[in-house]
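Dear colleague,

I am handing over the structure we spoke about, and below it I have set out what was found. Please read the text with the model open beside you.

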Amino acid sequence: MWAALRNRGTGWKFRRQHPIGVYVLDFYCHQLRLAIEVDGAVHGSVEARREDAERQAVIEEEGVSFVRFQAWEVEKRLDWVLTQIDKACSQLSALTPTPLPEGEGLE
């Protein structure tokens, strides 16, 4: 997925394993404040889902939006996943009057 995200040519720059506070996001677009999380089997337990929801809520309070996918979707339906990411980027860019300058904002 990383190779596909970084070579999309959409103009949106994604970072992988990007820290926000004490958390690390799978993928993050700083310009749009968009987090992309890929959940594998370890995220299937009730406890893991609760922890993921709490973590996401804390990060969303900082103005970050989330898109989540299951690992099997990335493996079996990568084109669909990338289309969903493109849609999320388009929606967020319509809400963002101007992109943040490079290096500004959450680090």
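Strand 3 is mostly covered, since five of its six residues are buried, where buried means under 20% relative accessible area, exposed means over 50% and partly exposed lies in between, with a 1.4 Å probe and protein chains only. Strands (E, at least two residues) and helices (H or I, at least four) are DSSP runs numbered from the N terminus.

The model is a predicted one, in which local features need pLDDT of at least 70 and side-chain atom pairs count only at pLDDT 80 or more, while totals for chains, interfaces and linings use all residues. Residues are numbered from 1 along each chain as its sequence is written, and side-chain values use heavy atoms, with hydrogens and water left out.

Strand 3 has two partners, and strands count as paired if DSSP finds at least two bridges between them. With strand 2 it runs antiparallel, joined by three bridges, and the two form a hairpin with four residues between them, where Arg33 in the turn has a positive phi of about 55°. With strand 4 the pairing is parallel and extends over six bridges. Ile36 of strand 3 is the bridge partner of Phe27, and Ile36 also stands opposite Val67 in strand 4.

Which residues does Ile36 touch, leaving aside its neighbours within four places in sequence? Ile36 is in contact (heavy atoms within 4.5 Å) with Met1, Leu5, Phe14, Asp26, Phe27, Val67, Phe69 and Ile85.

Ile36 also belongs to the largest nonpolar core, which has 18 residues; such a core is a set of buried Ala, Val, Leu, Ile, Met, Phe, Trp, Tyr and Cys residues joined through side-chain atoms within 4.5 Å. Together with Ile36, the members that touch the most others are Leu5, Phe14, Leu34, Phe69 and Ile85. Helix 4 gives the most to this core, namely six residues.

In helix 4, the buried residues are Val81, Leu82, Ile85, Ala88, Cys89 and Leu92. Seen down the helix axis, these buried residues fall within an arc of 120° (taken from the directions from the axis to the C-beta atoms), so they line one face of helix 4. On the other side of helix 4, Asp79, Gln91 and Ala94 are exposed. The cover over the buried residues of helix 4 includes helix 1, strand 1, strand 3, strand 4 and helix 3.

With best wishes
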